[in-house]
Amino acid sequence: MATSPATGLPRWEADPILSVEHLFMRFGGLIAVNDLSFKVGRGDITALIGPNGAGKTTVFNCITGFYKPSEGRLILAHGRAPTPDEIAEVTRIGERALVGRDAGVYLLERMPDYRVSGEAKVARTFQNIRLFTGMTVLENLMVAQHNALMAASGYSLKGLFGLPGWTKAQKAATETAKYWLDKVGLTDRADDPAGDLPYGAQRRLEIARAMCSEPILLCLDEPAAGLNPRESLELNTLLRAIRAEHGTSILLIEHDMSVVMEISDHVVVLDYGTKISDGTPRAVKDDPRVIAAYLGVDEDAVEEVEAELHIEHAATGAGA
Amino acid sequence: MAVQTAETAPPAAPAAAANAVLAPAFKDALIAGLVALGLFGPLIGFETVIIDGALGLAYRPSLLAIMVGIIFVGRLLLNLTVWSPNRRPATHAGPTVFERVGTLIGPGVKPALLAFAVLFPAIAAYSMGGLNQSRYLIDLGILILTYVMLGWGLNIVVGLAGLLDLGYVAFYAVGAYTYALLATSAPINDFFAGLFGATFWANWAFWFCLPMAGIFAGVWGMILGFPVLRLRGDYLAIVTLAFGEIIRLVLINWVDFTNGGAGIASIPRATFFGIQFNAGPDGFAALFGLPFNPMHRIIFLYFVILALALVTAFVTVRLRRLPVGRAWEALREDEIACRSLGINTTTTKLSAFATGAMFGGFAGCFFAVRAGFVSPESFTFDVSAMILAIVVLGGMGSQIGVAVAAAVMMGGMEMLRNLGFLRQIFGNDFDPSLYRMLIFGFAMVAIMVWKPRGLVSTRDPTIFLKERKAVSGDLVKEGHG
């Protein structure tokens, strides 16, 4: 499912939309993310999991520009996988991005948060929902299309006089909003304040709002937190539809294993800021390190596992 | 316990129930009376008097008894009525009377107020029995409209973008001094005198300087905006407060440029688009075939400020429905979410500061042309506080609320000057103007208790799919600064 037909490599290796390379994040003496490298495949649903405090949200904040990483490179590729030369070039010249006609390379660690979302097209949601509660559902979706509308309103000059170009753009934006309202089943509540919606609907609205900014990579921070099983199921359907109909790649943090195992193509497991496992959901589920991190084991068991891994490693090394 | 008694007491024993209420109520009132005695004893019971050149004490037991009695009886009455455990909480089924009246007359309020504002000079002249007699009322109208405009300008910064600005008067001052300095500038006057004739600049200065004042104030808004972008809440308020004071102190101390505390006098008056309001043959009255009357200029000024205020309202209403206005409100609601949606919060904040400041600059330019004299004393912190009070009282973000609040505040302050009738109640020693600020303060406290989110607390959505529903003020955030 997640393998590339041409090379036989998994898709995240063959055509990564996002490559996280040697990411470090230090807060004073605390190392929240320690030399983390992983790739997110184009068109994949990738899950970032790990026990509480593993550094998942910190990684998200680094990717979306809310934190400046202490070290590391975050490469976002528009269009196609960039060649190593292109990556080396953009890194060397010190620019934020190298954008061609059909492809672009963005170095997210060099971009402020609003550019990550506005130019690199990485949208995100938050663990604790951050809607504009005093604005209506529709207004929330209109704010998400700010940059496109701002240009269409001639930076407010055309809009102030109600010129036709602006009215047309506003109408188109309303249509986009309506499309997403329909998608998340909130059309009937379009004119209600966002703060009045029930919790599950607020979660869906936040995803719809992120999608209104037309991202190529959607980062969801615990989208299923606080949802009941039926709502979780609806969320799975929604995320699959987003991927299928819009080609948006999805990176999500999730504790709900029913969601993770059900929909993800690729799972990355973090513990204490370090990657402990990376692969398909099935491979990760059976990984003894993941089991140890989640369930906890006593000292002997850790040594046993380590010994076993060492043997395994040596065996594969000898085999190759 | 009292609550339980009240609920469970059978109707056959009303006397017992009444007793159960009366005893604790009496006890509570007695304690309140004792506290009042302790407090008022030294404060009211004693009075220092000069007896034969020495300081002595006089006692006022009767006044003390009256005060304590008021507290005791008032507390007892409240305990038995409003705070009584027997009292059933009023159940609100459906909208209250006020809300129903509101929805009934709601659509008509704005046109009615606008019509009143346009017809105000005529109404004032008619009711006062002549143009000259209506001067006081029309001056008051101009004052109120100036504050309406300032309120609407500050509303952009505080109400929409949620950035608490305590130094708004700085932009008012920048606008006023822009006009005062440019209009009285000899080089500019000479330059235009050479091109278009000697009186050109005096006749047209206001109309050239009005946009300049707005632009300068807007630029100053941005200059203020840059250093405070990272600040929020209390810190932002303090820095803006300091900025207001800095501008005033610069105006006082830069004597070469601004003429210091003495101010700038004999600023050219407003003209009817180049035609002066004087008794001469080229004057406004002669050209329009009217008998000369100095009130013409005042009435013209009234309409100028009315037009400026309406432009402010129009632009603000339009901007709210544009992406920039929605971004301001989104910024007030949640700045981090804004940034996650690609909104550049720096330029958004700066645009709010600059737009608000621009309207402050227009108002300042008008102030200078109306008064014909500017000095730093006109731009103290009191003005900033007054404008902010108007915005908060009116309901942050609401146009009509701010207009009503400005009328109530400025009109109310003026009315409190003329409370001569209180002398008939309290005797001739009573000077009502001394109590002006006290009464005013009470009124503000009362309104904020009754309507904590301002007169108009609901938010009007900027776009709707099926029907426009007002957003309750409880959901709308006030901004982090």
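What distance separates the centres of domain 1 of chain B and domain 2 of chain B, taken over C-alpha atoms? In this predicted model, the two centres are 50 Å apart. The domain assignment, whose bounds come from an automatic or database source, places domain 1 of chain B at residues 2-80 and domain 2 at residues 101-417. Residues are numbered from 1 along each chain as its sequence is written, and chains are lettered from A and ligands numbered from 1 in the order in which they are written. Because the model is predicted, local features need pLDDT of at least 70 and side-chain atom pairs count only at pLDDT 80 or more, whereas totals for chains, interfaces and linings use all residues.

Chain B contains 19 helices and 2 strands; helices (H or I, at least four residues) and strands (E, at least two) are DSSP runs, numbered from the N terminus. Of the 481 residues in chain B, 37% are buried, a residue being buried if 20 or more other C-beta atoms lie within 10 Å of its own, exposed if 12 or fewer, and partly exposed in between, with C-beta atoms placed from the backbone. Two residues are in contact if their C-beta atoms, placed from the backbone, lie within 7 Å. Among the contacts in chain B between residues at least 6 apart in sequence, 74% join residues at least 24 apart.

In chain A, 5 strands form an open sheet with the order E2-E1-E4-E6-E5 and antiparallel pairing. Two strands are taken to pair if DSSP finds at least two bridges between them. Strand E2 (30-41) and strand E5 (97-99) of chain A are the edge strands, each pairing on one side only. Strand E1 (residues 16-27) of chain A is joined to E4(A) by 5 antiparallel bridges, and Val20(A) has Leu74(A) in E4(A) as its bridge partner. E4(A) in turn runs antiparallel to E6(A), with 4 bridges between them; here Leu76(A) stands opposite Tyr106(A). The pairing of E5(A) with strand E6 (residues 104-107) of chain A is antiparallel over 3 bridges, and Val99(A) faces Gly104(A) in E6(A).

Helix H3 (residues 84-93) of chain A packs on the sheet, where it touches strand E4 (71-78), E5 and E6 of chain A, and its direction makes about 45° with that of E6(A). Of the 10 residues of H3(A), the number buried is 1, so this helix lies largely in the open. Gly94(A), with a positive phi near 75°, follows H3(A).

The contact between the chains involves 35 residues of chain B and 32 residues of chain A. On the side of chain B that touches chain A, the elements giving two or more residues are helix H12 (295-320), helix H13 (323-333) and helix H14 (335-340) of chain B. H13(B) provides the largest share of that side, 7 residues. By class, this side of chain B has 18 nonpolar, 6 polar and 11 charged residues; Ala, Val, Leu, Ile, Met, Phe, Trp, Tyr, Cys and Pro count as nonpolar, Asp, Glu, Lys and Arg as charged, and the others, Gly among them, as polar.

A nonpolar core is defined as a set of buried Ala, Val, Leu, Ile, Met, Phe, Trp, Tyr and Cys residues joined through C-beta atoms within 7 Å. The largest such core has 187 residues, and Leu76(A), Tyr179(B) and Ala406(B) have the most contacts inside it. Helix H5 (residues 135-160) of chain B contributes the largest share of this core, 14 residues. Not counting residues up to four places away in sequence, Tyr179(B) touches Phe206(B), Cys209(B), Ala213(B), Ile267(B), Cys365(B), Ala368(B) and Val369(B).

Two further residues of chain B were examined. Thr312(B), found in helix H12 of chain B, counts as buried because 26 C-beta neighbours lie inside 10 Å. Its contacts, not counting residues up to four places away in sequence, are Met149(B), Trp152(B), Gly153(B) and Phe359(B). Thr312(B) and Phe359(B) are 47 residues apart in sequence, and their C-alpha atoms are 6.8 Å apart. Gly401(B) lies in helix H17 (residues 399-417) of chain B and counts as buried, with 26 C-beta neighbours inside 10 Å.

Methods. Axes are lines fitted to C-alpha atoms, for helices over the stretch in contact, and angles run from 0 to 180 degrees between N-to-C directions.
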